[in-house]
Amino acid sequence: MTNTNYQQLNGVALAYMGDAAYEVIIRRHLIEEGLAKPNHLQRTATHYVSAKAQAALIALMEQDDILTDDEWTIFKRGRNAKSYTHAKNTDVVTYRISTGFEAMMGYLALSDQQDRVTELGNWCIQQVEAGRTE
C-alpha cells in the first residue's frame, strides 16, 4: 500500500488499524508494569481500551486541546463512519466515539507518524492512571 492516501481511507478501515496500534501500546505498558497473569492483564487493559475509556479520552483530548485539526478531522470521519457491527457492552454513541478515536490512531500509525501515536498513547495512559476517565 505504498501509494495509498491514508487520509482517504474509510474510517472503519482506519479504526481497524488504530485499535491494534493503541492496544499494542497499552499491552506493552502493562507488561512493563509487571502484570503477567492473562486474566489480570485483560481486566486491567479494559480501563484503557474499552469504548467507554476511549470516549472519555477523546473528551479529555478536546478539553486539553491535545489534537491537531487534521487529527480531529480523521476522528470525525471515523466517528461518523457506517459500521456493520454493533456495540456489545456500550451504547451506540459511545461506540461511535471510540471508533473515531481508533480511526485517528490508525491514520497516524499508517501514515508513519509512530512518534505521535506513542505520544498520544502515553498521554492516554497518564490520564487513565490519574483517574480522569472514570
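## A walk through a predicted helical model

Leaving aside neighbours within four places in sequence, Tyr 48 is in contact with Tyr 22, Ile 26, His 29, Leu 30, Ala 53, Gln 54, Leu 57, Ile 125, Val 128 and Glu 129.

The structure contains 2 aromatic pairs. In one of them, Tyr 22 and Phe 101 stand edge-to-face, with 4.9 Å from centre to centre and 80° between the planes. This pair links distant parts of the chain, since Tyr 22 belongs to helix 1 and Phe 101 to helix 5, 79 residues apart. Both Tyr 22 and Phe 101 are buried. Why does the pair of Trp 72 and Phe 75 count as edge-to-face? The planes of the two rings lie at 85°, with the centres 5.4 Å apart, and planes over 60 degrees apart count as edge-to-face. Trp 72 and Phe 75 both lie in helix 4, where 3 residues, about one turn of the helix, separate them. Trp 72 is buried, because its relative accessible area is 17% and the limit for a buried residue is under 20%. Phe 75 is also buried, with a relative accessible area of 4%.

The discussion now turns to charged side chains. There are 5 salt bridges in the structure. One of them joins the side chains of Arg 28 and Glu 32, at 2.9 Å from N to O. These two residues are both part of helix 1 (residues 11-32) and are 4 residues apart, about one turn of the helix. Are they buried or exposed? Arg 28 counts as exposed because its relative accessibility is 57%, and exposed means over 50%. Glu 32 likewise counts as exposed, at 57% relative accessibility.

A second salt bridge is formed by Glu 71 and Arg 116, whose closest N and O atoms are 2.8 Å apart. Here the pair links distant parts of the chain: Glu 71 is in helix 4 (residues 69-80) and Arg 116 in helix 6 (residues 114-129), 45 residues apart. Glu 71 is buried, with a relative accessible area of 4%. Arg 116 counts as buried too, at 14% relative accessibility. Arg 116 also forms a salt bridge with Glu 119, the closest N and O atoms being 3.1 Å apart. Both of these residues lie in helix 6, 3 residues apart, about one turn of the helix. Glu 119 counts as partly exposed, because its relative accessibility of 47% falls between the limits of 20% and 50%. Through shared partners, these salt bridges join Glu 71, Arg 116 and Glu 119 into one network.

Helix 5 has 19 residues, and the distance from its first C-alpha to its last is 26 Å, close to the 27 Å expected at 1.5 Å a residue. Ser 98 also has its place in helix 5. Ser 98 counts as buried, at 4% relative accessibility. Apart from neighbours within four places in sequence, Ser 98 is in contact with Ala 51 and Gln 54. Gln 54 is also among the contacts of Tyr 48.

After helix 5 comes Asp 112, whose phi is positive, near 60°. Most residues other than glycine have a negative phi. Asp 112 is found in the loop between helix 5 and helix 6, and is exposed, with a relative accessible area of 70%. Asp 65 also has a positive phi, near 55°. The place of Asp 65 is in the loop between helix 3 and helix 4, and this residue counts as exposed at 62% relative accessibility.

Terms used. Residues are numbered from 1 along each chain as its sequence is written. Side-chain values use heavy atoms; hydrogens and water are left out. A salt bridge is a side-chain nitrogen of Lys or Arg within 4 Å of a carboxyl oxygen of Asp or Glu. Buried means under 20% relative accessible area, exposed over 50%, partly exposed in between (1.4 Å probe, protein chains only). Contact means heavy atoms within 4.5 Å. The expected span of a helix is 1.5 Å times one less than its number of residues. Rings of Phe, Tyr and Trp (its six-membered ring) pair if their centres lie within 6.5 Å; planes under 30 degrees apart count as stacked, over 60 as edge-to-face and the rest as tilted.
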